[in-house]
Amino acid sequence: MTVPSLGPRGRIGPEVLGLLGFLLLVVLVFGVAAPRFLTAANFGSIAFQLPELGLLTLAMLIPLISGGINLAIVYTANLSGLTLAWVLNSYGGVDAGPGAFVMGSILALGVGSLVGLIEGLVIAFSGAHPILVSLAMMIFVRGLGEYLTRGGDISGFPAFVEPIGHGLVAGIPVPLLIFGAAALAWHVLLSHTRHGFAVSMIGSNAEAARYSGLHVRRTLVLIYALSGLMCAVAGILMLSRFNSVRVGHGEALLLVTVLACFLGGVDPFGGFGRVGPVVLALVILQVLSSGLNLLGANQHLSTAIWGLFLIAVMILRTLAARWRGRSNRKEI
Amino acid sequence: MARLLRDYPTESKLLAVLALLFVGLSMASPSFLGLVNLTSLLNNSAVNVIWAVGLLVVLIAGGIDISFAVAASVIQYGVAYALEPLGGGNWAVGFALAIVLGVALGWINATLVHAFRIITIVATIATFNAFFGLLMWLSAGRGIYSLPSWWSQRTLIWEHQTADGTWAELNLAVGVMLLCMAATWVLIRHTTIGRQLYAFGDNPEGARRLGIRPGAMWFIAFGWMGAMAGIAGLVQVNITREVVPNALYGRELDVLAAVVLGGARLGGGRGSVIGCLLGVLLMAVTQNGLNLLGVSPYAFKMVVGAIILVAISTSNVELVRGRPRRART
């Protein structure tokens, strides 16, 4: 199988321009078709819905760039949410103070990172494929969560948790602020640090990276630990959005996060991928879904359209690469 | 024996683990080795094994498929609707329909992979979302419960009354499973096409230069996967006696884990039918054993996940010293 086009790697590049074009097209079509589409209320609801999927997508992004994958993200988020819920409940549930929330959140972040860390250690030291390792981790973490909760959900949290999922600060939804900060952190991490460089190099060619003196194993462990950390952030947000924790919340998002990354131009073979286009892809997916919703379609039709949209984009990219290849040859 | 160990290292280890599990469980629980329990183990694993051998062919060719379980649901609906104008049909018509629909869905994936050069995991995640979303939307989440009698009637291929009066029985799915395993074994071990699939999965460029056509390989692999998805979907209805759109959702990852545990390599070129059977059985026997030992059902998945994690962290250790490979999934 031949390697598909990696896409341009300029500073902005047609990747972002193409996605912006798509976004504009989608907004125009729905703006005409659905009268309530171009309203503040609609964009407000998009801004509240985007961050859950967004944070999970960030958790998926770094492993994908390194040429791996983390299939355990949703259940890692659930387990982290459970940790926080457990701490809150053991400090009086509805009466728990902010101190309990801070401690619970730190523990939740710790649990998420620990799950990722174990995954990273197994991947780095066994040489097994990340699909298999994260799949096993997914089955294990889901089982652990189901065992602890007996398949039920945990609720009854103090009132100050609610604004995290539903509040506004200076007119901007709090979840969006959290997602913005996380995306910015991920962008800096990937584009401006040694670790981010190492992630791309490993994704391009792990063997060459090792011979170049990169500490491949340490980088791999860090990749999955960071992915787990981001899952924990998503888990805490989901806790306050739903005001409850259940193992299985958001499980349908797993493959959507992969879809969003590929749509955002992440190379399926690893090595290339940036935060900006992925965020843009997320916005497109969410706008598509809310527009279809306003037209009376349900979530399932949105899922189908997301899939078909990914197919269309990949086909267009292939055709564009072929066309570019042909015109390049003519120039020579 | 030495040759077996060398050629099938993963399969041999898996067999040893399974044998240990059998010995341990038969000592811990007297009913484990009973005919009733063993046959129900086979009945419950049959559908997964059929999918597993289909997925095996795609994995050998160097691809991966996420869409087969929801494709099976789509096929169940397709067959149920197609049978109405046909006046109910029978098993032969059912199998023919399921295979034709399955191959058609598989070829959608093959087209995306070959004609548009989309890598298999991206293509099948996209079709997974498209198939499932469209199915849930068109069916509005409603199941079908009035099925032709041949389809929903319990069909046994073997039964035997044990000494304490309970019946041990094998249902149709087990027979179909054996046929699918045999067919896949013949395909990948005893035909030129099969050898080409291994060669193509191991080194696509090398295989292409030898004159193997990549397009043909993808259409054969995904076609076979689709046919197996359809057959498994058909016999699964015979067990549950209903068609529900989200019944099979999520099964794909369990099957994938079992097949890879059974020695198939993500990246292509390796894997065997017997490994698929052992992988599925290991997961089924573990759950069955925990059940007999009185462990809470909520803990099953946790233990299965832990076993796979331990298995990969220990069994792959030697493979690291071999030639490092980049997976092409």
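This is a predicted model: local features need pLDDT of at least 70, side-chain atom pairs count only at pLDDT 80 or more; totals for chains, interfaces and linings use all residues.
Residues are numbered from 1 along each chain as its sequence is written, while chains are lettered from A and ligands numbered from 1 in the order in which they are written. Helices (H or I, at least four residues) and strands (E, at least two) are DSSP runs, numbered from the N terminus.

**The hairpin in chain B**
- Strand β1(B) covers residues 156–161, and five bridges tie it to β2(B), residues 167–171, with the two strands running antiparallel. (Strands pair if DSSP finds at least two bridges between them.)
- Five residues sit between β1(B) and β2(B) in this hairpin, and B:Gly165 in the turn has a positive phi of about 95°.
- β1(B) is hardly covered: the count of buried residues among its six is zero. (Buried means 20 or more other C-beta atoms lie within 10 Å of a residue's own, exposed means 12 or fewer, and partly exposed is in between, with C-beta atoms placed from the backbone.)

**Helix against helix**
- Take α3(B), residues 35–60, and α8(B), residues 172–190: their axes come within 8 Å and cross at roughly 20°. (Axes are lines fitted to C-alpha atoms, for helices over the stretch in contact, and angles run from 0 to 180 degrees between N-to-C directions.)
- That angle makes α3(B) roughly parallel to α8(B). (Under 35 degrees is roughly parallel, over 145 roughly antiparallel, 65 to 115 roughly perpendicular, and the rest oblique.)
- Their crossing is left-handed. (That's when the near helix is turned anticlockwise from the far one by less than a right angle; clockwise is right-handed.)
- Among the residues that meet here are B:Leu42 and B:Ile60 from α3(B), and B:Ala173 and B:Ile188 from α8(B). (Two residues are in contact if their C-beta atoms, placed from the backbone, lie within 7 Å.)
- By class, this contact of α3(B) with α8(B) has 16 nonpolar, two polar and no charged residues. (Ala, Val, Leu, Ile, Met, Phe, Trp, Tyr, Cys and Pro count as nonpolar, Asp, Glu, Lys and Arg as charged, and the others, Gly among them, as polar.)
- The axes of α12(B) and α13(B), residues 273–292, come within 7 Å and cross at roughly 120°, which makes α12(B) oblique to α13(B).
- α12(B) passes α13(B) in a right-handed crossing.

**Where the chains touch**
- Chain B puts 47 residues into the contact, and chain A puts in 42 residues.
- In chain B, the elements giving two or more residues to this side are α6 (120–139), α12 (251–261) and α14 (300–315).
- α6(B) gives the most, with 13 residues.
- Sorted by class, chain B's side has 35 nonpolar, nine polar and three charged residues.

- A:Asn243 has a positive phi near 55° although it isn't glycine, and lies in the loop between α10 (216–242) and β4 (244–246) of chain A.
- B:Arg117 also isn't glycine and has a positive phi near 55°; look for it in the loop between α5 (91–115) and α6 of chain B.
- Is B:Arg117 buried or exposed? B:Arg117 is buried, because 20 other C-beta atoms lie within 10 Å.
- B:Arg251 belongs to helix α12 of chain B and counts as partly exposed, with 19 C-beta neighbours inside 10 Å.
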